[in-house]
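Hello,

Here is the structure I promised to pass on to you. My notes on what turned up follow just below it.

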Amino acid sequence: MEITRENEHPIEGENHGGMAPFLMSEEEKRRSEKEAAAVFADQTEIPTANAVNQAEYEPSDKKKKCNVGRLIFDILMAAAVITLFILHFCGGKDKTPVAEVDPALAGNGDIVYVNIDSINNNYEMVSLLTDSIDAEKQKQTVLFQNRQKALENKLANYQRNMQSGQLTQQQAMYAEQNLQQESAQLQNDYQSALESLEARYTAALSQIADSLKAACTRVNKKHNASFVITYGAGSQLIIADPTKDITQEVLDDLNKPFGKKKKGGK
């Protein structure tokens, strides 16, 4: 029979060559528990195929940052190459088609001019169009003056009847409504007449401008000038070469349909 002394080390038990748990120090217990947990984790956590693939192909945070930086760098380099390619082959080239000018239509470099005041004063169409519009304007002016005067007379009559007490409250209200309606109608009609006259003036000016341009084009065929300009009172043209004045020629062309020739004053 073996006797064990108090301070002797215990004999090895049947714990597969390990120390008995109740005889381990606290530090050895913690180390043993950690090793057992690690072994258990290795034996129980079996990675799936997706986990293996993810672990194999997903980089760490540092690696991700490197890959992202590399991707941005590659994109910038590709953009730079494309930009250089475009600048090399396309840069500085104006793709707007240049209209080809027929040498036969080119002018001789001269500048001729037309006195627009003479055109306005001596072109028959100007008189015909503007005289007709002016006559309509005078007619409408007289018409609206008469309507305005009639309205003023009605208003004065209404005021006299009110002051003399000849109108009841209902009659006075009815008279006021009629006067307001008539005044509003007069204003609307006057505005419509003005707009109609303005439209006629605009159409007349457009017609005169078109005919003047056509006449200048016809006259310039024999001059072959590069520029045909107009000037009048208050324009910026101060001195002009009288030999370049084609006003009379243009007037003669404009007035041909009317069978008249008028001398254009300068």
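Searching the whole structure turns up three aromatic pairs (rings of Phe, Tyr and Trp, the last by its six-membered ring, with centres within 6.5 Å; planes under 30 degrees apart count as stacked, over 60 as edge-to-face and the rest as tilted). One of them joins Tyr113 and Tyr231: the ring centres are 5.2 Å apart and the planes stand at 70°, so this pair is edge-to-face. Tyr113 sits in strand β1 (residues 111–115) and Tyr231 in strand β2 (residues 227–231), so the pair ties together parts that are 118 residues apart in sequence. Both Tyr113 and Tyr231 are buried (under 20% relative accessible area; exposed is over 50% and partly exposed is in between, with a 1.4 Å probe and protein chains only).

Tyr123 and Phe258 make another edge-to-face aromatic pair, at 6.5 Å centre to centre with 75° between the planes. This pair also links distant parts of the chain, 135 residues apart: Tyr123 is in the loop between α4 (116–122) and α5 (124–164), and Phe258 is in the segment after α7 (247–254). Tyr123 is buried, at 3% relative accessible area, while Phe258 is partly exposed at 30%.

Before going further, please keep in mind that this is a predicted model: local features need pLDDT of at least 70, side-chain atom pairs count only at pLDDT 80 or more, and totals for chains, interfaces and linings use all residues. Residues are numbered from 1 along each chain as its sequence is written, and side-chain values use heavy atoms, with hydrogens and water left out.

Now the overall picture. The protein chain has seven helices and two strands (DSSP runs numbered from the N terminus: helices are H or I with at least four residues, strands E with at least two). Along the sequence they follow the pattern α-α-α-β-α-α-α-β-α. Of its 266 residues, 16% count as buried. Among contacts (heavy atoms within 4.5 Å) with a separation of 6 or more, 82% are between residues 24 or more positions apart.

Lastly, the surface. The accessible surface of the protein chain is about 21,700 Å², with 56% of that belonging to carbon and sulfur atoms (Shrake-Rupley method, 1.4 Å probe; for residues, only the protein chains shown count as cover). Ile229, which is in strand β2, is partly exposed with a relative accessible area of 35%.

Best wishes
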